[in-house]
Amino acid sequence: MQSITLALAKGRPAKSTIDLLKKAGIQFNDFHEKSRKLVFYNDDQSIKLIFVKALDVPTYVEKGAADIGIVGKDNILESQADVYELLDLKIGKCKFAVAGKKDHISDQGQQLTIATKYPNIAKNHFAKKGQSIETVKLNGSVELAPLIGLADYIVDIVETGSTLKENGLVVIEDIETISTRLIVNKASFATKSAEVQQFINLLKSTLE
Ligand code: PRP
């Protein structure tokens, strides 16, 4: 059997994925939440686990630096990476939405300005409706943008809805639901098909 490299997103989603892998019998003994280490191996060294930034997971998988990635659908969509998406882990559930001030009136005939951490997703969403937009790429605290007049609306992740609520914003339109997905490099899917399939089957049966 060949070993496989698995890319996981650092931070919040890592814990639930590591817990799921543990349930499936895949243990990374020296992993702990506060560790700054970026590479881990399981007991029999058949899986090399690497921690990368969430938005980089699809890139690592597309380029073959990782055979498999486990990451949120948001990052898969935004990266536009050419990978196979083979399993929905049904964790990290939330949604993408357009949000703004309830009573906001945008200038008629003017292009809408959308603040977002996800400009590709925002552009694709509005393009589907035949609307071209201007995006303002932000790296966080996106909810501030409509409040201070930096943008008409935001395109962002809504999980509990409390960030919107506490900032006096409302969902204008749902875009799509998001959850953690398993993605596979297209070449690895062919050259390491037994290993990849075994890994997917193990996760599938653990999820059931
Ligand atoms: C995310 C997202 C929203 C918030 C949604 O931000 O961009 O701001 O969580 O969660 P809620 O609906 O449960 O309130 P994150 O916590 O990653 O912080 P950021 O503003 O630094 O991006």
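The largest pocket in this predicted model holds about 1,200 Å³ of space. A pocket here is an open set of points on a 1 Å grid over the protein atoms alone, where a 1.4 Å probe fits and protein lies on both sides within 12 Å along at least five of seven lines. Grid points are joined across faces, edges and corners, and the volume is the space filled by probe spheres set on the points. Local features need pLDDT of at least 70 and side-chain atom pairs pLDDT 80 or more, while totals for chains, interfaces and linings use all residues. Residues are numbered from 1 along each chain as its sequence is written, and side-chain values use heavy atoms, leaving out hydrogens and water.

**The largest pocket**

- The lining has 41 residues, and Arg12, Asp74, Lys117, Tyr118 and Ile157 are the closest to the pocket's centre; lining residues have an atom within 4 Å of a point.
- By type, the lining divides into 15 nonpolar, 15 polar and 11 charged residues. Here Ala, Val, Leu, Ile, Met, Phe, Trp, Tyr, Cys and Pro count as nonpolar, Asp, Glu, Lys and Arg as charged, and the others, Gly among them, as polar.
- Helix 1 gives the most to this lining, with 5 residues. Helices (H or I, at least four residues) and strands (E, at least two) are DSSP runs, numbered from the N terminus.
- Why does the pocket lie between domain 1 (4–92 + 179–207) and domain 2 (94–178)? Both domains give residues to its lining, so it lies between them. The domain bounds come from an automatic or database domain assignment.

**Around the ligand**

- Of the 13 residues around the ligand, Lys117, Glu143, Asp156, Thr160 and Thr163 come nearest; a residue is near if one of its heavy atoms lies within 4 Å.
- Polar contacts (pairs of N or O atoms within 3.5 Å) include one at 2.3 Å between a polar side-chain atom of Lys117 and a ligand oxygen atom.
- A polar backbone atom of Gly161 is 2.7 Å from an oxygen atom of the ligand.

**Two loop residues to look at**

- Most residues other than glycine have a negative phi.
- Gln45, in the loop between strand 2 (39–41) and strand 3 (47–52), has a positive phi near 60°.
- Lys90 has a positive phi near 55°, and its place is in the loop between strand 5 (84–88) and strand 6 (94–101).

Technical notes: Polar contact = N/O pair within 3.5 Å; in protein donor to acceptor, adjacent residues only side chain to side chain.
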